[in-house]
Number of protein chains: 2
Amino acid sequence: MTIQCPAPLHEDERVLLGHGAGGRLTTELLNALVLPALGPPPGPLEDAAALPPVGLPVISTDSFVVSPLFFPGGDIGSLAVHGTVNDLAMRGAEPLALAVSLIIEEGLPLADLRSVLESLGKAATEAGVPVVTGDTKVVGRGAADRLFITTTGIGRRIPPLHPSAARARPHDAILLSGPIGLHGTAVLSTREGLGFEADIASDSRPLHRLVHALIPFGSDIHTLRDPTRGGLAATLNEIAEASGTGADIDESALPVPGPVAAACDLLGLDPLHVANEGCLVAYIPEPQADGVLDALRGVPEGASAVRIGRTTAAHPGRVDLRTRVGSRRVIDMPLGEQLPRIC
Amino acid sequence: MTIQCPAPLHEDERVLLGHGAGGRLTTELLNALVLPALGPPPGPLEDAAALPPVGLPVISTDSFVVSPLFFPGGDIGSLAVHGTVNDLAMRGAEPLALAVSLIIEEGLPLADLRSVLESLGKAATEAGVPVVTGDTKVVGRGAADRLFITTTGIGRRIPPLHPSAARARPHDAILLSGPIGLHGTAVLSTREGLGFEADIASDSRPLHRLVHALIPFGSDIHTLRDPTRGGLAATLNEIAEASGTGADIDESALPVPGPVAAACDLLGLDPLHVANEGCLVAYIPEPQADGVLDALRGVPEGASAVRIGRTTAAHPGRVDLRTRVGSRRVIDMPLGEQLPRIC
């Protein structure tokens, strides 16, 4: 197969303002870099893409501003796919298509852009979700920090599933599909050169296959959420507030990897507040807990799923931690920013 | 009706990093500013929004990085709605829902954010398209230039219409729905303080009603495009290339408002290269031209629609301008950036 390309872009070249101007340079960037990295779109290159009919569409959008662009376990490209795929999955939807919009700072090395887009394309292919349309803007030096990516996903709701934060009920078991704190500490450690990045890699990965394994449990899957920004603490509190249901979490059941605990200790962070990009919490009726746990553990990304607590009618809207020494403390909604730009 | 709000945000306050952290400050920003400006979403506040079934979905995404944020005739908020609505309309689709993602520089005055979001909400309401989901990220001072907005639109293709750049044919009439050059010169003049902004306002507006008026012409509507970045020159060239059809444009028929011509003259710009945000070009068979022109003129946003030229088999893929003095010149694809950050 021969592909006719414009003059190839050289790896030592950088993004110019003109690459975002909608003219010949934009066409060249698209043909020589973006499309080879992402794979050709399923339809013609127009300002909008046509999709097959969708019975129960679900839409989610997220901007990714992570710094640095590359970190152990991923980069802004794979993260932009996983984050949006996971937001769809948490509503019980199968991802169908992605739209990708880039804001690039003038001067970004083309080699970096190529690496990110190849990673994005690979993550999309692995998740089985084509990139169907996109946009590229370039802003002058100093007007953005290298590269921001906004991904929007369209999915199809899987009919028996209709999880929602508001559907958590007293006497639900609370399950967690994997260890916490890896993504935030990996990014922070890389950015600040703290040295933990040798032992910690982001958990960034797609979770839709995990959700697919829960289809047999249908509407018993009350709530699904991936604890990203604000960490597990924010997610548990959002669910408690939306459902008016309290939660009791067992500290001893929380899977905090040793290097994460060490990093958090050094930095004065609470692992409950650190962002994750590859695990989910599931709220289901107690009697279904073992079955759901088995289903989660049957998928590689849920191999280390555990039960971390239960809901209660005793303190509506509040999340309590039962500590290792037997005391209780409230897990508060984090106020603001512990870790800027981790996603 | 009483709305329970957190402590109100004061107008002299500014966006903090913590407003993007997914914690209590994020909730406060959402409840006190974003949701009142945009109107409550049709569903619960989750990471993804469910939509009614869509038979023939169309999706489009665009990042908006215009500088300044406010300009005569609009702002980044209204522009972000119009741009995405128009990209859907140009594929013959009726817009159904918008997803909005914000990247905010720390320190942006909350009053500016509120103004932009109120304008965005107003433009969405006027276009009849709800904002169903969104995301907010905050980056540190200097890591972005105040505010970037990415809007993604979902539309439903209107069955008899299936316009595409590739469907232009020899002997099509080329129509233009309104004057050119207003948006780019309005933004540039405001940014640089050139003084033209008293006489020039952006043409930013939604074009889906104009497209709706073309439904009776069905598949005779070969091509629709709004000449944004790169101006009319880029759009005509893209269509020529995608369809392999040449075009002859009459310079005397091109509607260039006096103040736009004066501004372009002073700045050494070609009005054909200047971005527009409120007009479209339509390619239709010659025999339908008068009917389509009447239909366009029957809608306020197409009141000054004109015929600007025709397609030809004589020079496939090339766009020629027949000048006022009778000579011909090629209208080239613009190379790169004349006017950075106009959308």
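Two strands count as paired if DSSP finds at least two bridges between them. With that in hand, welcome to this predicted model, and to the place where its two chains meet.

**A pairing across the chains**

Strand 1 of chain A, residues 49–50, runs antiparallel to strand 2 of chain B, and 2 bridges join them. One of the residues involved is A49(A), whose bridge partner in strand 2 of chain B is I59(B). I59(B) turns up again when buried area is considered: together with D47(B) and R229(B), I59(B) is among the residues of chain B that lose the most area to chain A. These three account for 12% of what that side buries.

**The interface as a whole**

How many residues of chain B are in contact with chain A? There are 70, and they touch 70 residues of chain A. The two chains bury about 5,700 Å² between them, with 56% of this area on carbon and sulfur atoms.

Polar links also cross the interface: 33 residue pairs are in polar contact, both residues at pLDDT 80 or more. There are 4 salt bridges between chain B and chain A. One salt bridge brings together the side chains of D62(B) and K137(A), at 3.5 Å from N to O.

Several elements of chain B give two or more residues to the side that touches chain A, including helix 1 (24–38), helix 2 (76–89) and strand 7 (147–157). Strand 6 of chain B gives the most, with 8 residues. Sorted by class, that side of chain B looks like this:

| Class of residue | Number on the side of chain B that touches chain A |
|---|---|
| Nonpolar | 36 residues |
| Polar | 19 residues |

**A sheet within chain A**

Now for a look inside chain A. Here 7 strands form an open sheet with mixed pairing, in the order 9-11-8-12-10-13-14. Which strands are at the edges? They are strand 9 (223–225) and strand 14 (328–330) of chain A, each pairing on one side only. On average, neighbouring strands of this sheet are turned by 25° against each other, direction ignored.

Within the sheet, strand 8 (residues 172–176) and strand 11 (residues 281–285) of chain A pair in the antiparallel sense over 5 bridges. I174(A) has Y283(A), in strand 11 of chain A, as its bridge partner.

A helix accompanies these strands. Helix 6 (residues 231–243) of chain A lies across strand 8, strand 9, strand 10 (246–250), strand 11, strand 12 (306–312) and strand 13 (319–322) of chain A. Helix 6 of chain A runs at about 35° to strand 11 of chain A.

Terms used
Residues numbered from 1 in each chain as written. Chains lettered and ligands numbered in written order. Heavy atoms only, no water. Helix = DSSP H or I, 4+ residues; strand = E, 2+ residues; numbered from the N terminus. Axes fitted to C-alpha atoms, helices over the stretch in contact; angles between N-to-C directions. Contact = heavy atoms within 4.5 Å. Buried area = accessible area lost by both parts, 1.4 Å probe. Polar contact = N/O pair within 3.5 Å; in protein donor to acceptor, adjacent residues only side chain to side chain. Nonpolar A, V, L, I, M, F, W, Y, C, P; charged D, E, K, R; others polar.
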